[in-house]
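Good morning, and thank you for making time for this presentation.

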Amino acid sequence: MTQLLDGKALSIEIKNEIANTVRRLTDAGHRPPHLAAVLVGNDGASMTYVANKEKSSHEVGFVSSVYRLAENTTEQELLATINFLNNDPEIDGFIVQLPLPKHINEQNVINTIAPQKDIDGFTPLNIGNMVLGRPCFTPATPLGISTLLHRNGIATEGKHCVIVGRSNIVGTPLANLMSRNRETANCTVTLCHSRTANLASLTRQADILVVAIGQPEFIGPEMVKEGAVLVDVGIHRLPDASRKSGYRIVGDVRHSEVDPLCSWVTPVPGGVGPLTIVSLLQNTLQAYRQHHNL
Ligand code: NDP
């Protein structure tokens with residue numbers, strides 16, 4: 001029978017754990033952790049993501065602030081905001097919500113974030129430390145996927161983990177994380193992308209299949225091995241006149257056809273998304289502890 005990798009339920013559990021930790025810290029006289037977000041422009045999805053991060057921060061007792069900048073903000077103005085956040089001792093960690101308007105160079109922005117406040121784990125120093133297995137902030141979505149597997153008791157050691165999608169924020173760091181020499185990883189990893197030949201022959205070998213390609217309902221049952229653990233990172237809003245809302249949310253996988261084949265699956269929504277936010281909270285707490293030597 002197919003079991004659900006219920007990200008929503010697990011996120012509530014972990015948020016309760018974080019809230020208890022924050023309560024203990026504030027009871028002991030420390031200030032609460034502070035997570036800040038920078039949002040440039042009015043992209044609807046980005047505004048929703050930032051609002052969710054703000055809401056989750058409040059739920060666990062963090063201080064949260066959002067720096068909203070206009071669409072026509074210059075790169076220099078954005079870099080000045082980042083430098084301000086880098087130097088504000090009251091802020092433990094911050095994210096710059098991506099994507100940025102086209103006139104701003106994303107890499108310049110990421111390179112300006114102080115690594116000790118880079119709770120998204122996107123700066124070159126953090127990525128380098130992650131690859132070397134040194135202390136770092138692990139990027140939020142890969143960390144969330146790893147947590148989702150581990151906390152549901154899914155063994156990874158010796159398993160073949162096939163990841164489809166090699167972006168810098170999901171596939172590439174996840175490939176590193178899952179192949180680490182540690183009990184919660186130790187997978188043999190295959191990383192696929194748009195130039196991969198015979199994709200289905202590789203995905204069919206997966207004990208753990210992670211799909212992060214940004215193509216609605218791309219993966220069908222002919223690409224999945226019976227009994228596989230399936231993690232669908234994709235999230236899309238498709239127009240649907242039959243729904244009251246006018247749309248439906250789908251992932252990168254055709255769930256109605258694929259799920260019955262699998263041992264475990266992430267729902268969309270309510271799978272990877274909630275754990276991505278929780279990972280950001282965990283990284284903020286880690287930054288806070290480092291700043292306060294706690
Ligand atoms: P990107 O667009 O940055 O990367 C997509 C990757 O998929 C690329 O490596 C690309 O290959 C590969 N790809 C695209 N089409 C195919 C194909 N037909 N066959 C094989 N590989 C393909 O995407 P992201 O990693 O940023 O996001 C992926 C999805 O996950 C999106 O739907 C996004 O919204 C979602 N997402 C969800 C999160 C969550 O918390 N739930 C967090 C982050 C993302 P190539 O490199 O060759 O171009």
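Let me begin with how elements are named: helices (H or I, at least four residues) and strands (E, at least two) are DSSP runs, numbered from the N terminus. What we have here is a predicted model, in which local features need pLDDT of at least 70 and side-chain atom pairs count only at pLDDT 80 or more, while totals for chains, interfaces and linings use all residues. Residues are numbered from 1 along each chain as its sequence is written, and side-chain values use heavy atoms, with hydrogens and water left out.

The search runs on a 1 Å grid over the protein atoms alone: a cavity is a set of points where a 1.4 Å probe fits but cannot get out, whereas a pocket is an open set with protein on both sides within 12 Å along at least five of seven lines. Lining residues have an atom within 4 Å of a point. Grid points are joined across faces, edges and corners, and a volume is the space filled by probe spheres set on the points.

How many cavities of 30 Å³ or more does this rule give? The count is one. The volume of the largest cavity is about 50 Å³. Around it stand F94, I95, V96, L98, V109, I110, I113, D118, D120 and F122. Two or more lining residues come from each of β4 (93-96) and α4 (106-112), and β4 provides the largest share, three residues. For residue classes, Ala, Val, Leu, Ile, Met, Phe, Trp, Tyr, Cys and Pro count as nonpolar, Asp, Glu, Lys and Arg as charged, and the others, Gly among them, as polar. On that basis the cavity lining has eight nonpolar residues, two charged ones and no polar ones.

Next, the sheet. Two strands pair if DSSP finds at least two bridges between them. Six strands form an open sheet in the order β1-β11-β8-β7-β5-β6, with parallel pairing. Its edge strands, each pairing on one side only, are β1 (3-4) and β6 (188-192). Within the sheet, β7 (residues 208-211) and β8 (residues 229-232) run parallel and are joined by four bridges. In this pair, I208 stands opposite V229 of β8.

The helices follow. Two packed helices are described by the angle between their axes and the distance between the axes. Axes are lines fitted to C-alpha atoms, for helices over the stretch in contact, and angles run from 0 to 180 degrees between N-to-C directions. Contact means heavy atoms within 4.5 Å. Helix α7 (residues 171-179) lies across β5 (160-164), β6 and β7, and runs at about 170° to β6.

Helix α1 (residues 7-27) and helix α6 (residues 140-151) have axes that come within 11 Å and cross at roughly 95°. Angles under 35 degrees count as roughly parallel, over 145 as roughly antiparallel, 65 to 115 as roughly perpendicular and the rest as oblique. Helices α1 and α6 are therefore roughly perpendicular to each other. From α1, the residues G7, L10, E13, I14 and E17 meet T147, L148 and R151 of α6. By class, this contact has three nonpolar, two polar and three charged residues.

Helix α6 also packs against α10 (residues 272-292), at about 110° and with the axes 7 Å apart. This pair, too, is therefore roughly perpendicular. The α6 side comprises A140, T141, L143, G144, I145, T147 and L148, and the α10 side V272, L275, T276, S279, L280, Q282 and N283. Seven of the contact residues are nonpolar, seven are polar and none is charged.

Of its 15 lining residues, T138, L143, L177, R180 and R182 lie nearest the centre. The largest contribution to this lining is the five residues of α6.

Finally, the loops. Between β11 (264-265) and α10, the loop includes G270. The C-alpha atoms of G270 and D6 are 6.6 Å apart, although 264 residues separate them along the chain. That loop also holds P269, and the peptide bond from V268 to P269 is cis, with omega near 0°. Another cis bond, with omega about 0°, joins L98 and P99, the latter in the loop between β4 and α4.
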